[in-house]
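Dear colleague,

Please find below the structure that I am handing over to you.

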Amino acid sequence: ISKLPELCKILNISFEELVGEKTAETDIVEKLMQDENADVTLEEMAQIGELVKPESVESKVNETVEKGGKIPFSVLVSLAPFMDKEVLGKMAEELADVKIKKLCAIAPFISRETLDKIVDRCIVNDNMDGNGIVSIAPFLSKSTIQKVAEYLMAHGQAQKVVAIAPFMERDMFPKDLS
């Protein structure tokens, strides 16, 4: 996909002619094909993420952050596969109102340590609702899974502990459910 601009140049045709239709995405791609440094928004990049070089995505993200701009979570989700794990993790950590259910979309793209920190913060701030925990459980450390299980048990959500049981060590399983 990243070779499409080169193909267009070789064939001396527009991207629109190559793909056969004009869309908002083809306009953005053509804009970037004409000038790699064209001014596109992160939202536009999110629409065509797979067509943009990862360095371009990271550069635009860093530029936005340096200017003090906020990146909506939905845009962050779209750009996650094209971002550096550390940069994405740092941005996810800064989201004070992050819900576990929302993390499902970016969990595969951030480090285990970062995800553990975010979940720990949810537990400490008592805003862990348990929704989505099964989806991110494979990406958490065993010790964080244990903390989550203890939290859920203490908050009457034993059914969710059963759902994350496959990710727990046998000796970590709460005695109340044994």
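What percentage of the 178 residues of the protein chain count as buried? The share is 38%, where buried means under 20% relative accessible area, exposed over 50% and partly exposed in between, with a 1.4 Å probe and protein chains only. Please note that this is a predicted model, in which local features need pLDDT of at least 70 and side-chain atom pairs count only at pLDDT 80 or more, while totals for chains, interfaces and linings use all residues. Residues are numbered from 1 along each chain as its sequence is written, and side-chain values use heavy atoms, with hydrogens and water left out.

Overall form. The protein chain contains 12 helices and 0 strands; helices (H or I, at least four residues) and strands (E, at least two) are DSSP runs, numbered from the N terminus. Its radius of gyration is 21 Å, whereas a compact globule of 178 residues would have one near 16 Å. That radius is taken over C-alpha atoms, and the globule rule is 2.2 Å times the number of residues to the power 0.38. Along the principal axes, the C-alpha atoms fill a box of roughly 70 × 30 × 20 Å.

Nonpolar core. The largest nonpolar core comprises 49 residues, and L79, M128, I133, I136 and I164 have the most contacts inside it. Such a core is a set of buried Ala, Val, Leu, Ile, Met, Phe, Trp, Tyr and Cys residues joined through side-chain atoms within 4.5 Å. Residues up to four places away in sequence aside, I136 touches I100, L103, C104, A107, L115 and V119; contact means heavy atoms within 4.5 Å. In soluble globular proteins, nonpolar side chains tend to be buried together.

Two individual residues. I10 lies in helix α1, which spans residues 4-11. I10 counts as exposed because its relative accessibility is 69%. Between I10 and Y151 there are 59 Å in space, C-alpha to C-alpha, and the two are 141 residues apart in sequence. T114 belongs to helix α9, residues 112-124. With a relative accessible area of 11%, T114 is buried. Beyond its neighbours within four places in sequence, T114 is in contact with G89 and E93.

Among contacts in the protein chain with a separation of 6 or more, 49% join residues 24 or more positions apart.

Yours sincerely
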